[in-house]
Amino acid sequence: MASVTEEADRFCDDITIPSGVYVSTDMSESIIPPEVRPKPAVPAKPPHVVAPSPTAPHGPQGLGGLGGGMGYGGVADRAPGSGHLGGGSTLLGYIGIDTIIEQMRKKTMKAGFDFNIMIVGQSGLGKSTLVNTLFKSQVSRWSSAWGSEFKLPKTVEIKAVSHVIEEGGVKMKLTVIDTPGFGDQINNENCWEPISKYINEQYEKFLKEEVNIARKKRIPDTRVHCCLYFISPTGHSLRQLDIEFMKHLSRMVNIVPVIAKSDTMTPDEKNEFKQRVRKELEVCGIEFYPQKEFDDDMEDKNENDKIREAMPFAVVGSDKEYQVNGKRVLGRKTAWGVIEVENPNHCEFALLRDFLIRTHLQDLKEITHNIHYETYRAKRLNENGGLHPISANDTQESNL
Ligand SMILES: Nc1nc2c(ncn2[C@@H]2O[C@H](COP(=O)(O)OP(=O)(O)OP(=O)(O)O)[C@@H](O)[C@H]2O)c(=O)[nH]1
Ligand SMILES: [Mg+2]
């Protein structure tokens with residue numbers, strides 16, 4: 001079970017995640033003084049690398065140099081250029097490439113992870129309830145701090161709630177950004193603007209840190225990695241407002257559409273509605289996450305195709321706990337029983353949570369950084385002549 005520390009002030013933010021590993025292939029470096037081989041964190045490869053035949057075309061200046069520095073009976077202790085591979089020596093000794101993953105894991109574990117989810121949609125669709133559901137579900141069951149009688153007020157401003165969750169020695173600062181519902185005005189034109197402004201402000205903050213001459217070793221990441229868009233469970237079709245909103249936002253953030261309050265639909269209605277929504281999104285050219293164009297390879301594509309076919313996830317939210325078969329579960333109590341939020345037979349909340357946290361968290365962050373932020377950055381630097389650092393007055397603060 002994950003343990004949780006509220007408000008992540010103590011979250012380590014001064015450790016850099018290595019961005020890459022450089023491996024030299026320069027054969028002139030073949031003679032390196034022998035060094036103590038670090039103990040591999042993963043089991044060492046058995047040294048049964050094929051020994052070269054004495055007639056092998058390459059001499060010790062070739063591949064043999066790779067084994068030389070690693071003290072595996074290699075060529076380092078022989079005179080350079082002798083052209084002789086002594087009995088029992090292996091051309092390719094253990095290098096230790098397989099420890100890179102372990103080295104990266106250690107560094108990343110120390111640095112911890114940030115993950116920021118934003119929740120948007122029309123008023124009253126259960127957005128704030130889902131924020132609580134996420135924190136109270138197995139993501140971070142952080143005790144029932146709120147009494148079961150607590151009534152969620154209408155959200156009136158954009159509000160970020162963070163918790164540091166620690167599990168198996170890995171820390172994650174999960175931030176959920178709750179937003180006020182929209183669409184209940186007479187004129188809903190451009191009602192996505194406060195949301196897009198907030199998203200851009202986070203990109204701007206990151207950019208400012210990046211272009212600073214003395215920049216931080218690890219830039220705090222408040223960028224929105226994923227935007228859950230709540231669709232009303234009408235059973236009919238998307239509203240014009242949903243389409244407009246997603247069209248605008250999908251160019252700047254990873255949109256994951258979800259069907260809200262899915263307990264109001266029968267399984268057949270739910271499946272039909274999901275199909276219709278997918279069709280409409282396709283017809284309108286709205287690319288939701290995981291975007292087809294960013295599938296890395298066939299394996300990725302096959303996996304993501306299955307997810308795209310299951311989307312939008314039909315969720316139910318609740319922060320109230322009930323006793324079901326001797327177990328405490330999060331659910332909604334109805335006259336005919338309890339709808340269990342985390343039971344995959346009742347709704348797709350658990351599917352959504354696993355998709356966000358267990359399978360696609362890193363990818364969501366990478367797409368945010370490499371695609372959405374990059375687009376913003378390029379545009380911003382172009383506007384700025386590409387050279388001048390951005391002044392502190394360039395960003396207007398959100399008026400929300
Ligand atoms: N049937 C059902 N009701 C829900 C669900 N989730 C939330 N509700 C109820 O819907 C009402 C509104 O929930 P909120 O979470 O405040 O909705 P919101 O989207 O945050 O609303 P705004 O802050 O006004 O935008 C509350 O009475 C919730 O108990 C759900 O999955 N199913
Ligand atoms: Mg709310």
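Which helix gives the most residues to the shell around ligand 1? Helix 3 (residues 127-136) does, with 3 residues; helices (H or I, at least four residues) and strands (E, at least two) are DSSP runs, numbered from the N terminus. The structure is a predicted model, in which local features need pLDDT of at least 70 and side-chain atom pairs count only at pLDDT 80 or more, while totals for chains, interfaces and linings use all residues. Residues are numbered from 1 along each chain as its sequence is written, and chains are lettered from A and ligands numbered from 1 in the order in which they are written.

The shell around ligand 1 holds 18 residues, of which G126, S128, T129, T155 and G181 come nearest; a residue is near a molecule if its C-beta atom, placed from the backbone, lies within 6 Å of it. By class, this shell has 4 nonpolar, 9 polar and 5 charged residues. Here Ala, Val, Leu, Ile, Met, Phe, Trp, Tyr, Cys and Pro count as nonpolar, Asp, Glu, Lys and Arg as charged, and the others, Gly among them, as polar.

The protein has 9 helices and 10 strands. Of its 400 residues, 30% count as buried, that is, with 20 or more other C-beta atoms within 10 Å of their own; a residue is exposed with 12 or fewer and partly exposed in between, the C-beta atoms being placed from the backbone. Among contacts (C-beta atoms, placed from the backbone, within 7 Å) with a separation of 6 or more, 73% are between residues 24 or more positions apart.

The average pLDDT, the predictor's confidence in each residue from 0 to 100, is 76, and 68% of the residues score at least 70. Over residues 1-89 the pLDDT is below 50, and this stretch has 137 contacts in the model beyond near neighbours in sequence. The pLDDT also stays under 50 over residues 390-400, for which the model has 14 contacts beyond four places in sequence. Where pLDDT is low, the predicted coordinates should not be read in detail.

Helix 9 (residues 361-383) has 23 residues and should span 33 Å at 1.5 Å a residue, which agrees with the 32 Å between its end C-alpha atoms; the expected span is 1.5 Å times one less than the number of residues. A kink of about 40 degrees is centred on E374 of helix 9, the bend being the angle between axes fitted to the seven residues ending there and the seven starting there. In helix 9, L364, I367, T368, H372 and Y373 are buried, and their cover includes helix 4 (193-211) and strand 5 (226-231).

I259 lies in strand 6 (residues 255-259) and counts as buried because 26 C-beta neighbours are inside 10 Å. Beyond four places in sequence, I259 is in contact with I231, P233, F273, K274, P312, A314 and V315.

K261, in the loop between strand 6 and helix 6, has a positive phi near 45 degrees and is buried, with 21 other C-beta atoms within 10 Å. N325 has a positive phi of about 50 degrees but is exposed, with 5 other C-beta atoms within 10 Å.

Methods. Two residues are in contact if their C-beta atoms, placed from the backbone, lie within 7 Å.
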